[in-house]
Amino acid sequence: MKEVLINAERCLGCRSCEIACAVAHSDSKNLLGAVGETDIPIKRIFVHQAGKRNIALSCRHCEEAPCIDACIAGAMHRTADGLVDNTGGTGECSGCWMCVMVCPYGVIRSEIDRRLALKCDRKCMDESAEPACVRACPTRALKFVVVDEFSRDRRQRFLDAIGNESV
Amino acid sequence: MHIAIIGNSAAGLTAARTIRKIKPSAGITVISDESGPAYARCLIPEILAGVRDIPGIGYATQQFYQDYDINLRSGIKVSSINAVNHKLKLEGGQVIKYDRLLVATGASPVQPGWPGSDLPSVFTLRTASQAVMIRKMAIDCASAVVEGGGLVSLKAAYALKKRGVKDVAVIVRSPHILMKQLDRDSAGLVENDLTSVGIKFYYGTGLAAAIQGPRGELQSVELEDGRQLPAGLVVIGKGVQPNSELIRNAGGKINRGILVNEYLETSLPGIYAAGDCIEVTDSVTGAQVVSGLWTLAVEQGRIAGCNLAGQARKYPPPLTRLNSAQFGSVPFVSVGDVQGGDELAVYQGAGVYRKLCFRDNRLTGFIMAGLVDRAGVYTSLVKQAKKLSAPLKDRLINGKVTGADILPILTRQGGIQ
């Protein structure tokens, strides 16, 4: 399965991914239209600072996803494509925030008024078969790739290096 | 290989699903005293409120059992386990032979003992069928009394109000609601959320007796302090106790709940247990407590499923306090030990409350009310129980911590990518 990976050395913190994500989840699917919509389109990726670096974070679609275990409504589930999604499952999201409470990445939003948890659902792909955040990234800090064990290790070493700065 | 599972809720169903993935050829029988496919137990207040029906809170469809080749025997009670001969006896006499067994029998509400508590309009709220009965009765009801200040009671009270019951009173023995989850200030925010829809609270007392009308029907209740409140129906939420009788009668070890080892196996070889019926060790406090959370039941169901299917997997001591909810407009989250700690950090803003409890520079618990975004990052730190660096602790206290701050720790853990 392909994953969205971030190379924090390249991330400028420009938030293009956030805007692209929100636009891709709008009705009009374009920036001008999106800002005019009554329900303001909502991003599901978040650019954070960790130490001196910027990191864009969205749902990792974990193998053993704590949000699926925690969902009391049976809404959060694994799709046939291996994604973690709280729409289109057996149950309907009731806005209890159990998933928000257990997501260690903090990337599930609580839309309190709508009683709806919102997260990366990858319903933003175009003909290029890349997510909107990846397409929008001007420095290719975000990549959509198949992660093998080797790159997993390399990623870990990189994250460990950041860790020494921030944690 | 035939694996029998008693219980068709979070733990039982997750175990069945897990076993099927690991062992495509295993025979799986799920036996439940409730009828129909599994439903989301935590959502039964929505049935009471009239917002959803039983299929509307479905957790698995009938099709699921066919797809996973699970033999579902619903609406049947298991009367005994013969651990020596590996046999279950069902009510009615039928015998089922098993190679391995999972007991996921859940828990039952604590029954009240005051005079009149056996009247038909006095309910506990644990099953979908109870919720349906209360909903029916609530149609013609002008007043209802709910006993208990816990989550189930408050959800029931809110649902009754939503259903259209004019007067809903909640009787709370403790000084504030949600004693296990919240402190006085955060409970105040949640209480306001409930009083704003017209629910009334009576503190420091309990129910003493039911007062019947001329035809024997419930008319009002008397409180321990002598006050009387009109009540067409009563819902009792005084907690639950594990259903451990089957294991007890079969000779297995029980304390507060069924005792299991780190593989979730009971003292009876080949018999595992998971969910609300077992006792676990809290990872923060080290206390032996009854496991009583949907989330933990799912987790345990998966681990037990692996072990039942022959893939040995340990279950580490869980965080047993993990609650989140929203009644009206105030979401709240409570994780870990929110009473203890040697250092507190409290933030209060307009409609927002956050309290962090530290012990020895480790985050041991927290409360969030009004805003709950990124609560999971805090939960993750409670689970890790690592000493916090000064900058990270500052970010926690200022409410600025994000997943990016703890990424290195997360990716080191197994399971989570």
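**Notes on the A/B interface and the salt bridges**

1. Chain B and chain A bury about 4,000 Å² between them, and 56% of that is on carbon and sulfur atoms. Buried area here is the accessible area (1.4 Å probe) that two parts lose on being put together, summed over both. Keep in mind that this is a predicted model, where local features need pLDDT of at least 70 and side-chain atom pairs count only at pLDDT 80 or more, while totals for chains, interfaces and linings use all residues. Residues are numbered from 1 along each chain as its sequence is written, chains are lettered from A in the order in which they are written, and side-chain values use heavy atoms, with hydrogens and water left out.

2. Who touches whom? On the B side 54 residues are in contact with 45 residues of chain A, contact meaning heavy atoms within 4.5 Å. There are also 13 residue pairs in polar contact between chain B and chain A, both residues at pLDDT 80 or more. A polar contact is a pair of N or O atoms within 3.5 Å; within protein, one must be able to donate a hydrogen and the other to accept it, and residues adjacent in sequence count only if both atoms are side-chain atoms.

3. On chain B, the elements that give two or more residues to the side touching chain A are α8 (294-308), β21 (322-326), β22 (331-336), α9 (375-384), α10 (390-397) and α11 (407-412). The largest share, six residues, comes from α11(B). Helices (H or I, at least four residues) and strands (E, at least two) are DSSP runs, numbered from the N terminus.

4. Three salt bridges cross the interface of chain B and chain A. The rule wants a side-chain nitrogen of Lys or Arg within 4 Å of a carboxyl oxygen of Asp or Glu. One salt bridge to look at joins A:D69 and B:R302 at 2.7 Å, N to O.

5. Over all chains the count is 23 salt bridges. Within chain A, A:K123 pairs with A:D85, closest N and O atoms 3.2 Å apart. A:K123 sits in the loop between β7 (116-118) and α5 (132-136) and A:D85 in strand β5 (residues 84-85), so the pair ties together parts 38 residues apart in sequence. A:D85 is buried, at 6% relative accessibility (buried is under 20% relative accessible area, exposed over 50%, partly exposed in between; 1.4 Å probe, protein chains only).

6. Two pairs in chain B are worth a look. B:E34 and B:R41 form a salt bridge at 2.7 Å; B:E34 is buried at 18% and B:R41 is buried at 17%. B:D167 and B:K166 meet at 3.7 Å, with B:D167 partly exposed at 32% and B:K166 exposed at 59%.
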